Amino acid sequence: QRARPLHWLPHAKRVPSRDPARGGARNGGRPEAVPLEPRHQHKRESGAPSGSPERQEGGRDGDREPKVDPLVSLLVESSLEKMEGEKRPAPYEGLFADGHLILWTLCSVLLPVFITFWCSLQRSRRQLHRRDIFRKSKHGWRDTDLFSHPTYCCVCAQHILQGAFCDCCGLRVDEGCLKKADKRFQCKEIMLKSDSKALDAMQHHWIRGNVPLCSYCVVCKQQCGSQPKLCDYRCIWCQKTVHDECMKNSLKNEKCDFGEFKNLIIPPGYLTSINQMRKDRKTDYAMVFDVTKTPPVKALQLCTLLPYYSARVLVCGGDGTVGWVLDAVDEMKIKGQEKYIPQVAVLPLGTGNDLSNTLGWGTGYAGEIPVAQVLRNVMEADGIKLDRWKVQVTNKGYYNLRKPKEFTMNNYFSVGPDALMALNFHAHREKAPSLFSSRILNKAVYLFYGTKDCLVQECKDLNKKVELELDGERVELPNLEGIIVLNIGYWGGGCRLWEGMGDETYPLARYIQVKLANPFRIGQAHTVRLILKCSMMPMQVDGEPWAQGPCTVTITHKTHALMLYFSGEQTDDDISSTSDPEDTKETE
């Protein structure tokens, strides 16, 4: 019979083996390797059971199965169970692994949030710092996220993509150099100091770098600003440019003549002299005013410091802004300042721009014409007179104690579909003004309401609701939906209703947007009287609409306004508001 396999303890253990006869330990208590019976019994080669007499009697002492001490067996069993326990993970180890997963998940979610919050906080702090510098600075700083052309910082001479620029002197700096630039460079001075020695001799004010494209040196006549770095100089008054190599002491001390636009620039020395003569009214003046911050009435007081009939004003805005400025001009007349009244030019930035189009300044401006060319057009424009009319609305009623409403008309008065479109547009713009900042979007909204009115026809049978009188004579009205009283040649964003003579056919495509397939000429008059007999009808004066009940509308001549007419792209037929010996107005 083969010897059965033995299992040995991994480490020798001091196991007291006792002799039954002697009652003491063998080997002096030294550790010995004790053979153990296998945990799983192997199949014996003989088919006799282990306790059979053949098994017990057969074999020698070496072949005899050894006896196992119970204490040793218990130790081995516990050791094996410990080894199996190390292989199987404990319950708390699984929870610990899940905790790690949750921790990493929270870190992956919260870390980007924290970084975003920290960056926004830093950006807010930088914005507050910039605003504080802007508020205290004499420069007209404007920050930008991206310059439209290669730009270099005037302090560190490095290429910059975002930073700040002064809209007065043209200085451009990086965000980090803003404070240094504010201390190092002076802005354009509208008024010189009273003790300045250069009241009569205004010197150049040179700014280095970022010269306009296609500019040429006044000394060598070569192109400036062609190198990709901060180079060359530009005078912020006369706009002359010069190379770094051509800059001499003679140029630095040379008297500035204000260049091409000297007739449009008020010399700082002149305003200083005026301020010295008016010691009781020392004021800082500007040449560019934001009418949202400075009312036109206050801005136009600068004209009273200039020679008689010499002032020209460029109004950048729509027809409503032009009317606001002309109202301020009328207040100057009331104060007895007729000699200082300026001539008004228009840069069209509104939606319709019918008055601007009539005066030859175009239907809109989107930067396609350089500013220098716009100023040249202002200098070349001719002065004309524009009729202004008073619109008086008196409500009907026996106990009506309200004062009649009065409006000033520059362009047109209307009642009908176009006034309804303007009223709907105005109501939506009052609810969300930020959505109506685009000229294209505004025209799209007008088109939507115009198409809707063509289908609904809310203003039909207007001839049954109103009566019209021209110079005191009643006029029989045909079947119509709207009445328009015109003072200028254009209406409704570029339509010319008063074309030709007699009953000539009008182009259909020109009036499909407002359903004027066949407009009808009624006549001309000095005084127009319109009586609304019943119901509510939409009305408008120069794009300012309202809903009106039964009333009487009287239109009479009010005054003239001095305007500038540019004839570069249009003919004389485009202007229909030039004053005649008799003030007349067109009605359609």
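Me: What makes two strands a pair here?
Reply: Two strands pair if DSSP finds at least two bridges between them. This is a predicted model.

Me: How do you know that S7 and S8 pair?
Reply: Two bridges join strand S7 (residues 233–235) to S8. The definition asks for at least two, so they count as a pair. The two strands run antiparallel.

Me: Which residue stands opposite tyrosine 233?
Reply: Valine 242 in S8 does.

Me: Why are S6 and S8 called edge strands?
Reply: The open sheet has three strands in the order S6-S7-S8, with antiparallel pairing. Strand S6 (206–208) and strand S8 (241–242) each have a single partner strand, so one side of each lacks a neighbour in the sheet.

Me: What makes a set of residues a nonpolar core?
Reply: Its members are buried and joined through side-chain atoms within 4.5 Å. Buried means under 20% relative accessible area. The largest such core has 36 residues. Leu300, Leu359, Trp361 and Met563 touch the most other members.

Me: Which helix gives the most to this core?
Reply: H8 does, with six residues. Helix H8 (319–334) is one of the elements that each supply at least two residues, and strand S21 (551–565) is another.

Me: How do you know that this core draws on both domain 2 and domain 3?
Reply: At least three of its residues come from each of domain 2 (189–267) and domain 3 (271–385).

Me: What does tryptophan 361 touch, beyond residues up to four places away in sequence?
Reply: Its contacts include Ala345, Val346, Pro348, Leu564 and Phe566. Contact means heavy atoms within 4.5 Å.

Definitions and conventions:
Residues are numbered from 1 along each chain as its sequence is written. This is a predicted model: local features need pLDDT of at least 70, side-chain atom pairs count only at pLDDT 80 or more; totals for chains, interfaces and linings use all residues. Side-chain values use heavy atoms; hydrogens and water are left out. Buried means under 20% relative accessible area, exposed over 50%, partly exposed in between (1.4 Å probe, protein chains only). Helices (H or I, at least four residues) and strands (E, at least two) are DSSP runs, numbered from the N terminus. Domain bounds come from an automatic or database domain assignment.
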